[in-house]
Amino acid sequence: MTKLSISKLIEMAKAVKMTEAQQEEQRRSFVYGNTAFENPAITRKMVDDIADAMRA
């Protein structure tokens, strides 16, 4: 197995192009992770419902 340096991995990651769907999934995951950390009553469904309503 070849070892890659952190800087090489970062450069490779910069070249990744996410689809709109992947970006939206990432955004929702980020929102859920940060809000649920502060308020355990927050659910993924709540985040999805609000995000869907905002897109409409």
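A crossing of two helices is called right-handed if the near helix is turned clockwise from the far one by less than a right angle, and left-handed if the turn is anticlockwise.

Helix 1 covers residues 6–14, helix 2 covers residues 20–38, and helix 3 covers residues 44–55. The C-alpha trace spans about 45 × 25 × 15 Å along the principal axes. The radius of gyration is 16 Å, whereas a compact globule of 56 residues would have a value near 10 Å.

The confidence of the prediction may be considered next. The mean pLDDT of the protein is 93, and 98% of the residues reach 70 or more. Confidence is lowest in helix 1, with a mean of 92, and highest in helix 3, with 96.

Two packed helices are described by the angle between their axes and the distance between the axes. For helix 2 and helix 3, the angle is about 130° and the axes lie 10 Å apart. Angles over 145 degrees would count as roughly antiparallel and those from 65 to 115 as roughly perpendicular; helix 2 and helix 3 are therefore oblique to each other. Their crossing is right-handed.

Which residues meet where helix 2 and helix 3 are in contact? Helix 2 contributes Glu20, Glu24, Arg27, Arg28, Ser29, Val31, Tyr32 and Thr35, while helix 3 contributes Arg44, Val47, Asp48, Ala51, Asp52 and Arg55. By class, this contact has eight charged, four nonpolar and two polar residues.

Methods. Residues are numbered from 1 along each chain as its sequence is written. This is a predicted model: local features need pLDDT of at least 70, side-chain atom pairs count only at pLDDT 80 or more; totals for chains, interfaces and linings use all residues. Side-chain values use heavy atoms; hydrogens and water are left out. Axes are lines fitted to C-alpha atoms, for helices over the stretch in contact, and angles run from 0 to 180 degrees between N-to-C directions. Helices (H or I, at least four residues) and strands (E, at least two) are DSSP runs, numbered from the N terminus. Angles under 35 degrees count as roughly parallel, over 145 as roughly antiparallel, 65 to 115 as roughly perpendicular and the rest as oblique. Contact means heavy atoms within 4.5 Å. Ala, Val, Leu, Ile, Met, Phe, Trp, Tyr, Cys and Pro count as nonpolar, Asp, Glu, Lys and Arg as charged, and the others, Gly among them, as polar. pLDDT is the predictor's confidence in each residue, from 0 to 100. The radius of gyration is taken over C-alpha atoms; the globule rule is 2.2 Å times the number of residues to the power 0.38.
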